[in-house]
Amino acid sequence: MAFLLLLLHSLIVHSGASFYRPQPQLQDVALLSESNFLGYHPLPEMPTLLGHSNGWHPGERAVHSLLKVPTSSRRNPTAVGLPASYAHRVTVSPLLAVGTLDDQGQPWTSLWGGERGFTQPVAQGLLGMQSIVDKAHDPVIRALMGTAADEEVFQPDDDRIMSGLSIDLESRDRVKLAGKMLVGTVAGQAHNDTIGEAQIAMIVQESMGNCPKYINKKAIRAHIPSPQLVSSSLPLPPEALALIEQADMFFLSSTNGETMDTNHRGGQAGFVRVLSNSPAGSSDGGVALIYPEYSGNRLYQTLGNLHTNPLVGIVIPDFTTSDVLYLTGSTELLVGPAASSVMPHTNLAVKITVTSAVLVKDSLPFRGTAGEPSPYNPRVRRLATEHPPTISHQPQEATSPLATATILRREHLTPTIARFTFLLQQYRGNQPSGSDISRKQPPLLTWLPGQHITVSLASELDLGYSHMRDNDPQSLNDDFVRTFTISNPPPPPPAADGQGADKKAVEVQLTLRKHGPVTGLLFSTRQFGDKGTGLEVPVLGVGGGVGGFRILDDDGAGGGEGDSKKGAQKGKKAVFVAGGIGITPLLAQAPGMLAAGREMEVLWSLRAEDLGLAIDSFERVEGLGRVTSVFVTGMGEIKDGDDHRKEMVETVRKLGAKVEIRRMQRGDVLGARNAARGTKYFACASPEMLRTVLDWLEEEEVVSESFEY
């Protein structure tokens with residue numbers, strides 16, 4: 001930073017302005033005179049803060065209105081200039097994300113630093129930064145410095161706006177900065193002509209501290225890069241797609257035309273999804289990404305900019321390798337059904353259409369070691385196209401439930417697993433009592449064996465908005481909508497004369513493990529019955545149709561108990577691999593498969609404490625035990641004199657199942673193949689077990705589902 005002070009001193013001397021020596025106190029940021037040198041004013045005009053209603057610009061107010069955020073009477077908390085408290089936080093942060101605009105007005109973002117103190121205040125409202133940069137490929141350096149030669153002191157003759165986000169990934173502290181470039185220089189390195197030492201002075205017009213949510217901890221250390229360009233064209237190469245898939249954070253810059261904003265987005269690795277990756281102009285949509293907007297401070301400064309000007313610049317770093325992906329393009333804000341139809345369980349998302357991309361290997365001047373992930377990170381929300389196809393009985397735009405499910409009874413099968421029986425009825429909403437709704441309501445939901453049902457417990461569990469909720473961080477982004485596999489077959493269709501199944505109400509059963517707030521409520525409720533005493537749960541839909549986890553749809557085997565054995569015997573052998581509660585997709589399908597004579601085999605990994613589920617399943621579905629091998633784990637935990645689990649094992653054997661007291665192995669799964677007729681595998685298990693099984697079945701035909709606890 002000493003060189004930057006000398007640089008500023010030289011510039012001031014040549015401009016005729018007076019110079020005051022820096023004071024040793026870090027809090028005293030008034031290091032230079034308030035004279036007008038090089039057009040610098042310590043307190044420049046603030047068009048965003050002072051020129052708009054309560055400090056909100058029109059784009060921010062529009063997003064507040066769109067999202068029904070009551071901030072019309074609340075002032076924008078952004079501070080004028082760089083207060084001493086923010087200056088200190090910036091100084092001790094080892095990274096700075098920097099944003100600016102290129103000659104075409106397109107935003108770009110980069111990431112500089114590597115050690116604490118590389119950014120420091122050098123005057124009142126003036127921030128100096130000194131960092132190794134990739135001068136050959138970094139789009140921000142190229143936009144800020146233009147055609148300036150090595151070691152040339154460059155002062156832009158325009159208001160070159162820029163923004164920054166200082167961030168400390170160990171303490172999860174971050175401070176936003178906005179202003180304009182005053183002066184800068186880049187000195188080349190003799191040993192590597194692709195990198196240089198950049199020194200930039202930024203006039204800070206606005207600053208604001210941000211909360212620690214969604215920041216995954218990392219220990220940052222300095223690194224001397226050796227940049228190598230991998231790609232600067234679209235579509236994205238495989239290396240870029242892999243970087244996006246493993247990224248747990250990125251930085252983005254936007255502008256409203258007057259100022260800029262740079263901020264962070266984070267989550268679990270893979271929270272950014274690739275919608276399409278095809279050549280520009282293709283019918284597949286070119287290159288497009290999407291990410292969910294998680295619950296934040298509801299200022300919506302980034303989204304307000306994007307509402308005004310949809311252009312965005314993004315940097316995605318790889319902290320392990322120092323590789324980096326620079327992206328720029330345009331955005332579209334997706335709200336409500338527009339978001340959830342693309343990314344289920346998401347009410348607000350940003351779609352990015354990429355117009356330019358630069359992937360550089362070993363480009364960043366730092367590396368990082370992963371630490372504690374943020375406790376606020378929601379589970380990865382995958383695209384609707386990444387899930388099995390769903391069947392909906394009303395358009396996506398509809399917001400009313402399709403039906404209501406009332407809890408009739410709960411049967412505990414194991415200490416943590418129970419079967420719930422619900423009464424499924426048409427949803428009447430707020431219809432007046434006695435009104436004729438037959439023409440307005442869809443038919444009562446029904447289902448096919450193997451399908452799932454989606455329900456919402458938001459009315460019971462949603463506590464409303466909170467900025468922070470450290471005692472229950474996951475609840476901030478939980479919509480309390482869950483999808484469960486239906487474990488009983490559907491009722492028979494009504495006869496031609498209208499007799500048979502009750503069109504107004506049917507029973508649906510769900511076999512669930514207690515885990516999380518939704519199942520926790522179902523396990524604890526004491527509200528049962530169909531006379532207004534049972535807990536009512538809104539039903540949003542039924543899904544998992546043909547092409548999903550429907551075994552009976554394959555190879556002409558039919559879809560129910562009345563299918564001919566001749567048709568079933570033509571199909572491939574079905575092998576179902578289940579882990580724990582993952583047996584549920586089979587429970588509703590097994591009666592029809594066994595009745596149709598479908599060749600099938602079940603391999604079921606089960607903890608000893610859950611043997612009650614196996615006993616119940618084999619007793620309810622006659623013949624299922626005879627085609628099942630149960631692999632029991634946890635038997636070694638039995639205390640002396642406790643023979644209860646051993647007795648349960650013997651009961652499972654008496655019901656026809658083969659029992660192995662060990663873990664399932666690769667040979668068990670591959671040994672179930674029918675080489676003559678062919679084999680199709682169906683696997684449903686926890687993510688960990690499913691990954692192992694899919695590795696075993698790498699060369700086999702397999703359909704899989706995962707339950708993510």
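Predicted model: local features only at pLDDT ≥ 70, side-chain atom pairs only at ≥ 80, totals over all residues.
Which residue in β29 is the bridge partner of V630?

Let me begin with the chain as a whole. There are 17 helices and 31 strands in it, and of its 709 residues 55% count as buried. If we take the contacts in the chain with a separation of 6 or more, residues 24 or more positions apart account for 73% of them.

Now to the opening question. Strand β28, residues 628–633, pairs with strand β29, residues 658–660, in the parallel sense over three bridges, and the bridge partner of V630 in β29 is V659. Strand β28 also pairs with β27, again in the parallel sense, here over six bridges, and S605 stands opposite F631 of β28. Going from β27 to β28, the chain passes through α14, and this β-α-β crossover is right-handed.

How many of the six residues of β28 are buried? Six of the six are, and therefore the strand is largely enclosed by the rest of the structure. The side chains divide between two directions, with T628, V630 and V632 pointing one way from β28 and S629, F631 and T633 the other way, and all of these are buried.

Let me turn to the aromatic residues, where the count comes to eight aromatic pairs. In one of them, F420 and F422, the ring centres are 6.5 Å apart and the planes stand at 35°, and because an angle between 30 and 60 degrees is neither stacked nor edge-to-face, the pair is tilted. Both F420 and F422 are buried.

Elsewhere in the chain, Y214, Y294 and Y376 form one aromatic cluster. There is also a charge over a ring, in that the charged end of K218 sits over the ring of F319, 5.2 Å from its centre.

I would like to move on to the nonpolar cores. In soluble globular proteins, nonpolar side chains tend to be buried together. The largest nonpolar core here has 45 residues, and the members that touch the most others are W112, L169, L177, F251 and Y326. If we take F251 and leave aside its neighbours within four places in sequence, the residues in contact with F251 are A97, T109, L111, L165, I167, N263, H264, G313, I314, V315 and P317. Apart from that core lies another, of 36 residues, with F576, I581, L587 and A590 among them.

Next, the pairings of strand β17, residues 348–361. With strand β16, residues 324–335, it pairs in the antiparallel sense over twelve bridges, and E332 stands opposite K351 of β17. Strand β14, residues 287–292, is joined to β17 by five bridges, the two running antiparallel, and here P292 stands opposite A349. Strand β10, residues 228–231, also runs antiparallel to β17, with three bridges joining them, and in β17 the bridge partner of L229 is V360.

Finally, some points of backbone geometry that deserve a look in the loops. The peptide bond from L234 to P235 is cis, with omega near 5°, and P235 has its place in the loop between β10 and α6. F480 is found in the loop between α9 and β23, and because its relative accessibility is 4%, F480 counts as buried.

Technical notes:
Residues numbered from 1 in each chain as written. Heavy atoms only, no water. Phe/Tyr/Trp six-rings, centres within 6.5 Å; stacked < 30°, edge-to-face > 60°. Buried < 20%, exposed > 50% of the residue type's maximum accessible area, 1.4 Å probe, protein only. Lys NZ or Arg CZ within 6 Å of the ring centre and 35° of its normal. Core = buried A, V, L, I, M, F, W, Y, C linked by side-chain atoms within 4.5 Å. Contact = heavy atoms within 4.5 Å. Helix = DSSP H or I, 4+ residues; strand = E, 2+ residues; numbered from the N terminus. Pairing = 2+ DSSP bridges. Right-handed = clockwise from strand over helix to strand, strands pointing away.
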